[in-house]
2 protein chains.
Amino acid sequence: MRNRFDRQLQLLEEELTHMGELCEVAIANATNALTEGDLEQAQAVIEADEEIDQLEKEIEGLCMKLLLQQQPVARDLRRISAALKMITDMERIGDQTSDIAEIVISTRRNTPTQLKKLNEMSVAASKMVRDSVTAYVEKDLELARKVMLEDDTVDQYFDEIREELIAFIKEEQGNKGKEIFDLIMIAKYLERIGDHATNIAEWVEFSITGSHRSEVV
Amino acid sequence: MRNRFDRQLQLLEEELTHMGELCEVAIANATNALTEGDLEQAQAVIEADEEIDQLEKEIEGLCMKLLLQQQPVARDLRRISAALKMITDMERIGDQTSDIAEIVISTRRNTPTQLKKLNEMSVAASKMVRDSVTAYVEKDLELARKVMLEDDTVDQYFDEIREELIAFIKEEQGNKGKEIFDLIMIAKYLERIGDHATNIAEWVEFSITGSHRSEVV
């Protein structure tokens, strides 16, 4: 029984890792679609979001099966409940990459946008997602806490990008306000991705320590 | 058996109506918290979002019970599947009201903001939510289609508000860019609420006609 349970737990970890990888790829592709003005890639991000949604349902089903059939307690129970919460955050990350892709498509942006800072922010947010899922699989409390601290960096990027782009709106003489607002929105979505990765890290902390810092479990 | 099923379907309708009402109240309160600069009311909106999340879980449980115990077919099956989809959109509406409330709190806005158009937009979005849920309960296809058309009005409000506020950013001599950007974000969240109400209306149409206009069911 225990062996079967362990195998199912391992399957759960593999599926979570896969879902995390899909999120990472989606973040990279959405940002790339923006900077390269690649509408096809943007469309692919929206389609990949459906795959992420589907995977959430699958993992949810697996968790429910584990909970009902195995009636786990203590740490196992926490690991499965944490997984159930984590996939909600990952699914939202998928939504946000899809939101970014929709902006790219709706503006029919076919000229590349050079935004060094937005790219850096995207890399930082993506790393938070990867590290939070790795922290779950490796049961690495230190890495989970590193992710929580990293959220400040992503927030900082957002503040700077917003400030710079608002200044740009004020200065530019043309009619680019809407387009620039869209770029701030994209930074906002990346900032939210950082928030979700932080939530994931908090659930990892809960699964290891048994206490959760903000939410009532 | 059929009577019991009918009673459970009625309970489902009542809970959906209740969830819709909570969403409506949240939209009104979030907008009011903004215009009155009422931080306590903003906090209450965030707490009400948790109630909406809770209700989603309850209704989801009820739908699963109905599906498993009653094995419904045809129209009954469509009504229950539609309900399952609708609550996801309502839950997102709750999130968006919470997002608005968080902006009100984070800006510590304690001076009332007079924004006639934003209030009108809020009323229009809220009405879409109410009408979409009413259309489900009353099985009113015409009302569902009216909601879908109404989304254009809400989108129009968003375009106008964004345009006016971007012009305001360009004109104002002070340092209000961030604050004005936040107001555009709030309009964006209201626009998304309209999108979710449209999704709900499309699920109502599906539950009545058996065909869905955009999503693969």
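1. B:Leu118 touches B:Thr31, B:Leu34, B:Ile161, B:Leu183, B:Ile186, B:Ala187 and B:Leu190, leaving aside residues up to four places away in sequence. Contact here means heavy atoms within 4.5 Å. B:Leu118 is also among the residues with the most contacts inside the largest nonpolar core, which has 138 residues. Buried means under 20% relative accessible area, exposed over 50%, and partly exposed in between (1.4 Å probe, protein chains only).

2. On provenance: this is a predicted model, in which local features need pLDDT of at least 70 and side-chain atom pairs count only at pLDDT 80 or more, while totals for chains, interfaces and linings use all residues. Residues are numbered from 1 along each chain as its sequence is written, chains are lettered from A and ligands numbered from 1 in the order in which they are written, and side-chain values use heavy atoms, without hydrogens and water.

3. Symmetry next. A rotation of 180 degrees, with 0.0 Å of shift along its axis, superposes chain A on chain B at RMSD 0.0 Å. That is the relation of a two-fold axis. Within chain A, A:Lys170 comes closest to the rotation axis, at 2.2 Å (C-alpha). The copies meet through the same surface, since 100% of the interface residues of chain A are also interface residues in chain B.

4. The whole structure has three aromatic pairs over all chains. Rings of Phe, Tyr and Trp (its six-membered ring) pair if their centres lie within 6.5 Å; planes under 30 degrees apart are stacked, over 60 edge-to-face, the rest tilted. A:Phe181 and B:Phe181 make a tilted pair, 5.5 Å centre to centre and 55 degrees between the planes. Each lies in helix α6 (residues 177-209) of its own chain, so the pair joins two chains. Helices are DSSP runs (H or I, at least four residues), numbered from the N terminus. A:Phe181 is buried at 1%, and B:Phe181 is buried at 1%.

5. B:Trp203 and B:Phe206 form an edge-to-face pair, with centres 5.5 Å apart and planes at 85 degrees. Both lie in helix α6 of chain B, three residues apart, about one turn of the helix. B:Trp203 is buried at 2%, and B:Phe206 at 8%.

6. There are 34 salt bridges over all chains. The criterion is a side-chain nitrogen of Lys or Arg within 4 Å of a carboxyl oxygen of Asp or Glu. A:Glu13 and A:Arg79 meet in one (2.8 Å, N to O). A:Glu13 is in helix α1 (residues 2-36) and A:Arg79 in helix α3 (residues 74-106) of chain A, so the pair ties together parts 66 residues apart in sequence. A:Glu13 is buried at 17%, and A:Arg79 at 3%.

7. The test asks for NZ of Lys or CZ of Arg within 6 Å of the ring centre and within 35 degrees of the ring normal. In chain B, the charged end of B:Arg79 sits over the ring of B:Tyr136, also 4.1 Å from its centre.

8. A salt-bridge network links A:Glu91, A:Arg92, A:Asp95, B:Glu91, B:Arg92 and B:Asp95.

Technical notes. Least-squares fit on C-alpha atoms with pLDDT ≥ 70 in both. Core = buried A, V, L, I, M, F, W, Y, C linked by side-chain atoms within 4.5 Å.
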